[in-house]
Amino acid sequence: MKKGMVFNIQRYSLHDGDGIRTIVFLKGCPLKCEWCSNPESQSIEPTVVFEATRCINCGKCMEACPTGARLNDDKQCEVCGKCVKACPTGALEVIGREMTVDEVVNEVEKDRSFFENSNGGVTISGGEPLQQPDFTRALIEQFKKRYIDVAIETCGYDRWDDLKSIAELCDTVLYDIKHMDSEVHMKFTGVPNELILENAAKVADINQNTIFRIPLLGGINADEENISAVGDYAKEIGVREIHLLPYHRLGEAKYRKLGMEYKCEAYTPDDDTIDKLKRLLEGKGLKVKIGG
Ligand code: SF4
Ligand code: SF4
């Protein structure tokens, strides 16, 4: 039975696809976007996170730790979870759990009545689900056997063979486009955009329900030149719908828990700017939605 590294299963979401959805978040991502709201997803390995505001300095985690990693950064954490169990205040948490396909499918099945009443389904997100392509494919095959609608959210920076085999199985592909200029893309995400754009055209060719999603980041990509270029590219390759996702800083606290620095200096575009960009895309004949 295939296993994958899952970091969350979120129920009753009204985003990330049609109707009421259950979102399965998988760990691992090839990008390092400055604004990432799920930094705990970037590593494919499970991680121990620490919330300093809950810590009462009792030292129980250090006593429980078999490797000394709680006390000394030079020691290797084996993610055994003993410190988490020992902590009386919930200041520690393990992010990431190995699950079988059946375990994930059984969790999602609990929400079937919500899917049926709302034309909803399951969305596989991350991280980047295609960092675990065999597990993702096996999940989708099981959902489709059960007549559950499946959307996938992808950054597109993937091997084409993997992306092809998954995009052709899904009902919807939510395809993230961050910036049309490869140098700017590289600066803010850590990778260039050529492969992403090339794969987008191929995905749109095999899945008619491919939707572009653009995180709208003031000072980075929420300008007419970039959004117009995304719209033109969507038209060129046959994508008919774009979702604009205004930037928020909700993930910032997670960086502190992970001991990471939040470097993003983007701002949330104002309503007039968002409306102007929406109308710009609609003027190209695209269907546009604010939010996912
Ligand atoms: S997860 Fe285990 S090895 Fe890692 S810090 Fe906690 S007790 Fe130590
Ligand atoms: S066991 Fe929890 S509360 Fe006690 S020192 Fe460790 S993290 Fe802090």
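Across the interface of domain 1 and domain 2 in this predicted model, two residue pairs are found in polar contact, both at pLDDT 80 or more. The side of domain 1 that touches domain 2 is made up of one nonpolar, one polar and four charged residues. One salt bridge is counted between domain 1 and domain 2; Arg256 forms a salt bridge with Glu51, in which the closest N and O atoms are 3.2 Å apart.

The domain assignment divides the chain into domain 1, which comprises residues 3-45 + 96-290, and domain 2, which comprises residues 50-95. To the contact between them, domain 1 contributes six residues and domain 2 contributes five residues. The C-alpha centres of domain 1 and domain 2 are separated by 33 Å, and the two domains bury about 500 Å² between them, with 43% of this area on carbon and sulfur atoms. Within domain 1, the residues that lose the most area to domain 2 are Gly96, Arg256 and Lys257, which together account for 80% of what that side buries.

For the chain, the count of salt bridges comes to 26. A further pair is formed by Glu116 and Arg112, for which the closest N and O atoms are 3.5 Å apart. Because Glu116 and Arg112 are four residues apart in helix H4 (residues 112-118), about one helical turn separates them.

Several loop residues were also examined. Met180 is located in the loop between strand E8 (172-176) and helix H7 (182-189), and, when its neighbours within four places in sequence are left aside, Met180 is in contact with Asn193, Leu197, Asn226, Ala229, Val230 and Tyr233. Between Met180 and Glu78 there are 102 residues of separation in sequence and, from C-alpha to C-alpha, 40 Å in space.

As regards backbone geometry, most residues other than glycine have a negative phi, and most peptide bonds are trans. Against this background, the peptide bond from Gly126 to Gly127 is cis, with omega near 10°, and Gly127 belongs to the loop between strand E6 (121-125) and helix H5 (133-145). Asp16, a residue other than glycine, has a positive phi, with a value near 60°, and Asp16 is placed in the loop that runs between strand E1 (3-13) and strand E2 (21-26).

Notes: Residues are numbered from 1 along each chain as its sequence is written. Chains are lettered from A and ligands numbered from 1 in the order in which they are written. This is a predicted model: local features need pLDDT of at least 70, side-chain atom pairs count only at pLDDT 80 or more; totals for chains, interfaces and linings use all residues. Side-chain values use heavy atoms; hydrogens and water are left out. Domain bounds come from an automatic or database domain assignment. Contact means heavy atoms within 4.5 Å. Buried area is the accessible area (1.4 Å probe) that two parts lose on being put together, summed over both. A salt bridge is a side-chain nitrogen of Lys or Arg within 4 Å of a carboxyl oxygen of Asp or Glu. A polar contact is a pair of N or O atoms within 3.5 Å; within protein, one must be able to donate a hydrogen and the other to accept it, and residues adjacent in sequence count only if both atoms are side-chain atoms. Ala, Val, Leu, Ile, Met, Phe, Trp, Tyr, Cys and Pro count as nonpolar, Asp, Glu, Lys and Arg as charged, and the others, Gly among them, as polar. Helices (H or I, at least four residues) and strands (E, at least two) are DSSP runs, numbered from the N terminus.
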